[in-house]
Amino acid sequence: MEIHKYIDHTLLKATATSEQIKTLCAEAKQYNFYAVCVNGSYVELAVKELAETNVKVAAVIGFPLGAMTTAAKVFEAKDCIKNGASEIDMVINVGKLLEGDFDYVEKEICLIKEGIGESLLKVIFENCYLTKEQIQKVSELALNAGADFIKTSTGFGTDGATFEDVQLMKDVVKDKVQIKAAGGIRDITTAKKYIEMGVTRLGTSSGVTLVTSGTTNTDSY
């Protein structure tokens, strides 16, 4: 199993500096990760650092709370694509989902997807705040809205990816939408289990550790 092909090498901490982003990109080049995942202000730097490589640049949108306006998210997504990102990881409005405003959630995903065109859209649910039924419902909403991926977590909530939640998501979308597991993926055994379940991308800050088959106590986002 070529684990490196599944990894979005990630650094989203508020304290991240330009030098740390450069290190992230250097590691992504060294280990040939699929993508790096960064905050919007670092998209241009990451694109520059990864020029003439196959490593993609993904940017997070509405991160990490998802509670800003849809218009702000659409602008942010378009801005990141303009600056060179090829993938967008957006956070849903969790509160709107919890109160049952499903039209809002679906429309927002749809508008962001429309705004970024052919670029990949990953939709972050933040499963730790959702019931099993809500995870199933938002999986359905994301599928209907044209998302390319659904994603478990930001890594900033109370919990990250779980096998049970990924299975719930998979049962709804089948093979129509890809799944990204993120949050708490720190060892190769866990990573391989997700891939065996059908996950096609892993969001982690422990990418180097995973490809060298070790373990770490570092947070995974």
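**Entry 1. Salt-bridge network**

I began with the charged residues and found Asp-8, Glu-87, Asp-89, Lys-122, Lys-151, Lys-180 and Arg-201 linked in a network of salt bridges. I note at the outset that this is a predicted model. For the whole structure I recorded 18 salt bridges.

I then looked up individual pairs of the network. Lys-122 and Glu-87 form a salt bridge through their side chains, at 2.6 Å from N to O. Because Lys-122 belongs to strand S5 (residues 120-124) and Glu-87 to strand S4 (residues 87-91), this pair ties together parts that lie 35 residues apart in sequence. I checked the accessibility of both partners: Lys-122 and Glu-87 are buried.

The next pair also involves strand S4. Asp-89 and Lys-151 form a salt bridge, and their closest N and O atoms are 2.9 Å apart. Asp-89 is in S4 and Lys-151 is in strand S6 (residues 149-151), so the bridge connects parts 62 residues apart in sequence. I found Asp-89 buried, and Lys-151 buried as well.

**Entry 2. A salt bridge within a helix**

I looked up the pair Lys-82 and Asp-79, whose side chains meet in a salt bridge at 3.6 Å, N to O. Both residues are in helix H3 (residues 70-82), 3 residues apart, and are therefore separated by about one helical turn. An α-helix has 3.6 residues a turn, so residues three or four places apart point the same way. Lys-82 is exposed, at a relative accessible area of 65%, whereas Asp-79 is partly exposed, at 27%.

**Entry 3. Tyr-34**

I located Tyr-34 in the loop between helix H1 (18-31) and strand S2 (35-38). Among the members of the salt-bridge network are Asp-8, Glu-87 and Arg-201. I also noted the C-alpha separation of Tyr-34 and Lys-5, which is 5.1 Å for two residues 29 apart along the chain.

**Entry 4. Nonpolar cores**

I turned to the largest nonpolar core, which has 61 residues; Ile-92 and Ile-109 touch the most other members. Beyond its neighbours within four places in sequence, Ile-109 is in contact with Met-90, Ile-92, Leu-121, Val-123, Ala-142, Ala-145 and Ala-147. I found a second, separate core of 7 residues, including Leu-12, Cys-37, Ala-58 and Ile-124.

**Entry 5. Helix H7**

For helix H7 (residues 163-173) I recorded the buried residues as Asp-165, Val-166, Leu-168, Met-169, Lys-170 and Val-173. I then asked which elements the buried residues of H7 pack against. They pack against helix H6 (132-145), S6, strand S7 (178-182) and helix H8 (188-197). Lys-174 follows H7, and I noted its positive phi, near 55 degrees.

**Entry 6. Cysteines**

I searched for disulfides and found 0 in the structure. Cys-110 is in no disulfide, and the nearest cysteine sulfur, that of Cys-80, lies 20 Å away. The closest cysteine sulfur to that of Cys-128 is in Cys-37, at 17 Å, which is too far for a bond.

**Entry 7. Overall fold**

I counted 9 helices and 8 strands in the protein. The radius of gyration is 16 Å, close to the 17 Å that the globule rule gives for 221 residues, so the protein is as compact as a globular protein of that length. Along its principal axes the C-alpha trace spans about 45 × 35 × 30 Å. Buried residues make up 49% of the 221 residues. Of the contacts with a separation of 6 or more, 67% are between residues 24 or more positions apart.

**Entry 8. Confidence**

I closed with the confidence values. The mean pLDDT of the protein is 95, and 96% of its residues reach 70 or more. Where does pLDDT stay under 50? I found this over residues 216-221, for which the model has 29 contacts beyond four places in sequence. Where pLDDT is low, the predicted coordinates should not be read in detail.

Key: Residues numbered from 1 in each chain as written. Predicted model: local features only at pLDDT ≥ 70, side-chain atom pairs only at ≥ 80, totals over all residues. Heavy atoms only, no water. Disulfide = S-S within 2.5 Å. pLDDT = per-residue confidence, 0-100. Contact = heavy atoms within 4.5 Å. Salt bridge = Lys/Arg side-chain N within 4 Å of Asp/Glu carboxyl O. Helix = DSSP H or I, 4+ residues; strand = E, 2+ residues; numbered from the N terminus. Buried < 20%, exposed > 50% of the residue type's maximum accessible area, 1.4 Å probe, protein only. Core = buried A, V, L, I, M, F, W, Y, C linked by side-chain atoms within 4.5 Å. Rg over C-alpha atoms; globule rule 2.2 N^0.38 Å.
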